[in-house]
Amino acid sequence: MGAVLADIAIIILPVFGIVAIGFASAKSGLISDKASDGLAEYVFGLAVPILIFKTLAESKLPDAQPWGYWIAYFVGAFAVFGIAMVAARVLFGRGHVESVIHGFSAGQSNTVFLGVPLILKAYGEEGAVPLFLLIAIHLPVMLVAATLLVEGQSGFSRQTVKRLVRALALNPILIGIYLGALARVLDIQTGGVPKQILDLIAASASPCALVSLGLALNRYGMSGDFRASAFISFLKLLVHPALVFGLALILPMPPVWAGVAVLFAAMPCGINAYLLAQRQGAGVRTSASAVSLSTALGVLTIAFWLLVLDVG
């Protein structure tokens, strides 16, 4: 048991240690908000897309993807989405739009800034394909669902459709996924200097993403509404992965794919929830607090799920 816990600590502590360094750097003024924005743009717009492109281009894509993988993850995601929405209305007396923000916060995982570094560290290259394929579907499905629910009361306008299509079409993460899959299908391989350039940028993705997350946590902080954000964190960190874990036991999928699905579900609330709340002008305090609180608690809960999954 001691050896297993030591192995889990080797996975968890370096990841969250870099997040803590980023947080401390921002708190002490060593890194400014301007630098924080720039680093986040680099991670999201260049480093992680290139990491995804490189990994998929060099990996063997499965001939058939296990349907149980998709069902297990998204049943869990939409279950906590719905529970959080109902709780927002019944327990916390929130309106429709803010209830959607609560649901989106509970169902949207922090995939880019924490999920990619941590899951790759846990499962290595074997977990890269299921991880990046899930990222490709996760963001569009959850964002479309949240937008439909928000716009549903007032009618789904053409402008909303255009904005959503544009956001998905120009999303750098999705572009990296599609180009990587295309390169794999066409058997396009890089070599020489271009490969060295891609390798160097890809290698920077994980540490830069973790530092960027630490900087973001300092900015968002705990802005109140503790009860609601604690309930959302409970759904995100424990209920969502528990549902996925239970379904993974009965639905067909390879063990590594099952582990990736559970860890993906166990990630803290994604920053996209806060960005959506800002755009809608509702639930901003709750979503910001949920991001910070779930990330802080994630040190313990992710260790728990790694123990359950026997990763180490």
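Q: Is F264 buried or exposed?
A: The structure shown is a predicted model. Burial is judged from relative accessible area, and a residue under 20% counts as buried. F264 has a relative accessible area of 2%, so F264 is buried.

Q: How is a pair of aromatic rings described, and what is the geometry of Y73 and F264?
A: A pair of aromatic rings is described by the distance of the centres and the angle of the planes. The centres of the Y73 and F264 rings lie 5.2 Å apart. Their planes stand at 90 degrees, and planes over 60 degrees apart count as edge-to-face, so this pair is edge-to-face. The structure holds 9 aromatic pairs by this rule.

Q: Where in the chain are Y73 and F264?
A: Y73 belongs to helix 3, residues 67–90, and F264 to helix 11, residues 255–266.

Q: What is the geometry of F92 and F231?
A: The ring centres of F92 and F231 are 6.2 Å apart and the planes are at 65 degrees, so the pair is edge-to-face. This pair also links distant parts of the chain: F92 is in the loop between helix 3 and helix 4 (96–107), while F231 is in helix 10 (residues 226–250), 139 residues apart. F92 counts as buried at 14% relative accessibility, whereas F231, at 24%, counts as partly exposed.

Q: Which residues form one aromatic cluster?
A: Rings may be followed from pair to pair. Here Y73, F74, F78, F81 and F264 make up one aromatic cluster.

Q: How many residues has the largest nonpolar core, and which have the most contacts inside it?
A: A nonpolar core is read as a set of buried nonpolar residues joined through their side chains. The largest one has 91 residues. Those with the most contacts inside this core are L114, L118, Y123, L131, F132 and L306. Helix 6, residues 128–151, gives the most to the core, with 12 residues.

Q: With which residues is L131 in contact, leaving aside its neighbours within four places in sequence?
A: With those neighbours set aside, L131 is in contact with Y69, G115, V116, I119, L120, V260 and F264. F264 is also a member of the aromatic cluster described above.

Q: How far apart are V262 and Y73 in sequence and in space?
A: Separation along the chain and separation in space are to be read side by side. V262 and Y73 are 189 residues apart in sequence, and their C-alpha atoms are 7.6 Å apart. V262 is found in helix 11 and counts as buried at 1% relative accessibility. Apart from neighbours within four places in sequence, its contacts are P241, V244, F245, W305 and L309.

Q: How far apart are D37 and Y73 in sequence and in space?
A: D37 and Y73 are 36 residues apart in sequence and 31 Å apart in space, C-alpha to C-alpha. D37 is in helix 2 and, at 34% relative accessibility, counts as partly exposed.

Q: What separates the C-alpha atoms of G45 and P172?
A: These C-alpha atoms are separated by 5.4 Å, and the two residues are 127 residues apart along the chain. G45 is found in helix 2 and is partly exposed, with a relative accessible area of 38%.

Q: Is I10 buried or exposed?
A: I10 is exposed, with a relative accessible area of 53%. This residue lies in helix 1, residues 2–27. From I10 to L120 there are 110 residues in sequence and 13 Å in space, C-alpha to C-alpha.

Q: Which residues line the second largest pocket?
A: About 250 Å³ of space lies in the second largest pocket. Its lining consists of L51, K54, T55, E58, S59, L120, G124, E125, A128, A202, A203 and S206. Helix 2 (33–58) and helix 9 (192–220) are the elements that give two or more residues to this lining. Helix 2 gives the most, with 4 residues. By kind, the lining residues divide into 5 nonpolar, 4 polar and 3 charged.

Key
Residues numbered from 1 in each chain as written. Predicted model: local features only at pLDDT ≥ 70, side-chain atom pairs only at ≥ 80, totals over all residues. Heavy atoms only, no water. 1 Å grid on protein atoms, 1.4 Å probe; cavity = no way out; pocket = protein on both sides within 12 Å on 5 of 7 lines; lining within 4 Å. Points joined across faces, edges and corners; volume = space filled by probe spheres on them. Nonpolar A, V, L, I, M, F, W, Y, C, P; charged D, E, K, R; others polar. Phe/Tyr/Trp six-rings, centres within 6.5 Å; stacked < 30°, edge-to-face > 60°. Buried < 20%, exposed > 50% of the residue type's maximum accessible area, 1.4 Å probe, protein only. Core = buried A, V, L, I, M, F, W, Y, C linked by side-chain atoms within 4.5 Å. Contact = heavy atoms within 4.5 Å.
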